[in-house]
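Reader: I would like to learn how to read a model like this one. Could you take me through some features, with the general idea before each case?

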Amino acid sequence: MYAGAYALASGALALGDFGGRTIADPLDYFYFSIVSYTSLGLGDVFPSGHLRFITGVEALNGLLLIAWSGSFIYIAMGHLWPWQPCTKPGGLAADRKPGGNAP
């Protein structure tokens with residue numbers, strides 16, 4: 001979606017341009033979008049003009065969605081794989097019989 005927005009904004013709407021490596025085909029827009037979404041920011045392609053605003057929004061969106069996905073997976077795995085304690089409540093003292101050694 002963002003790659004299409006970059007192509008539309010830089011081509012038809014003339015909101016800005018890209019510096020660094022030249023953007024030759026649609027896959028280059030997708031590459032820049034992936035680098036921006038993951039907040040990697042390699043710098044081999046960089047926006048100018050109003051495209052910088054779209055790039056900032058995409059980086060913020062990526063940061064929030066990647067963090068949300070990680071926390072969602074953590075919660076889902078907690079429900080799918082319930083935690084099994086390795087000891088009984090009360091520790092080893094609760095397992096011992098009165099007047100003897102451990103069972």
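**Reading the model**

Author: Let's start with H50, which sits in the loop between strand 2 and helix 3. Helices (H or I, at least four residues) and strands (E, at least two) are DSSP runs, numbered from the N terminus. Before we go on, two notes on the source. This is a predicted model, in which local features need pLDDT of at least 70 and side-chain atom pairs count only at pLDDT 80 or more, while totals for chains, interfaces and linings use all residues. Residues are numbered from 1 along each chain as its sequence is written, and side-chain values use heavy atoms, with hydrogens and water left out.

Reader: Thanks! Is H50 buried or exposed?

Author: Buried means under 20% relative accessible area, exposed over 50%, and partly exposed in between (1.4 Å probe, protein chains only). H50 has 59% relative accessibility, so it counts as exposed. The C-alpha atoms of H50 and S10 are separated by 9.2 Å, although these residues are 40 residues apart along the chain.

Reader: How do I read the way two helices pack, say helix 1 and helix 3?

Author: Look at the axes, which are lines fitted to C-alpha atoms, for helices over the stretch in contact; angles run from 0 to 180 degrees between N-to-C directions. Angles under 35 degrees count as roughly parallel, over 145 as roughly antiparallel, 65 to 115 as roughly perpendicular, and the rest as oblique. Here helix 1 (residues 2-10) and helix 3 (residues 51-80) pack at about 175°, with axes 11 Å apart. Helix 1 is therefore roughly antiparallel to helix 3.

Reader: Which residues of helix 1 and helix 3 meet?

Author: Contact means heavy atoms within 4.5 Å. From helix 1 come Y2, Y6, A9 and S10, and they meet L51, I54, T55, V57, E58 and N61 of helix 3. For classes, Ala, Val, Leu, Ile, Met, Phe, Trp, Tyr, Cys and Pro count as nonpolar, Asp, Glu, Lys and Arg as charged, and the others, Gly among them, as polar. The contact of helix 1 with helix 3 has six nonpolar, three polar and one charged residues.

Reader: And at what angle do helix 1 and helix 2 pack?

Author: Helix 1 and helix 2 pack at about 120°, their axes being 8 Å apart. That angle makes helix 1 oblique to helix 2. In this contact, Y2, A3, Y6, A7 and S10 of helix 1 meet Y29, F30, F32, S33 and S36 of helix 2. Sorted by class, the contact of helix 1 with helix 2 has seven nonpolar, three polar and no charged residues.

Reader: How accessible are R21, D28 and D44?

Author: R21 is partly exposed, at 44% relative accessibility. D44 is partly exposed too, at 24%. D28 is buried, with a relative accessible area of 13%. The place of D28 is in helix 2 (residues 26-37), and D28 touches R21, T22 and I23, not counting residues up to four places away in sequence.

Reader: One backbone feature to finish: what should I look for in phi?

Author: A14 has a phi near 50°, a positive value in a residue other than glycine. A14 is found in the loop between helix 1 and strand 1 (16-20) and is exposed, at 59% relative accessibility. S39 is not a glycine either, and its phi is positive at about 60°. S39 is in the loop between helix 2 and strand 2 (45-49), where it is partly exposed with a relative accessible area of 44%.
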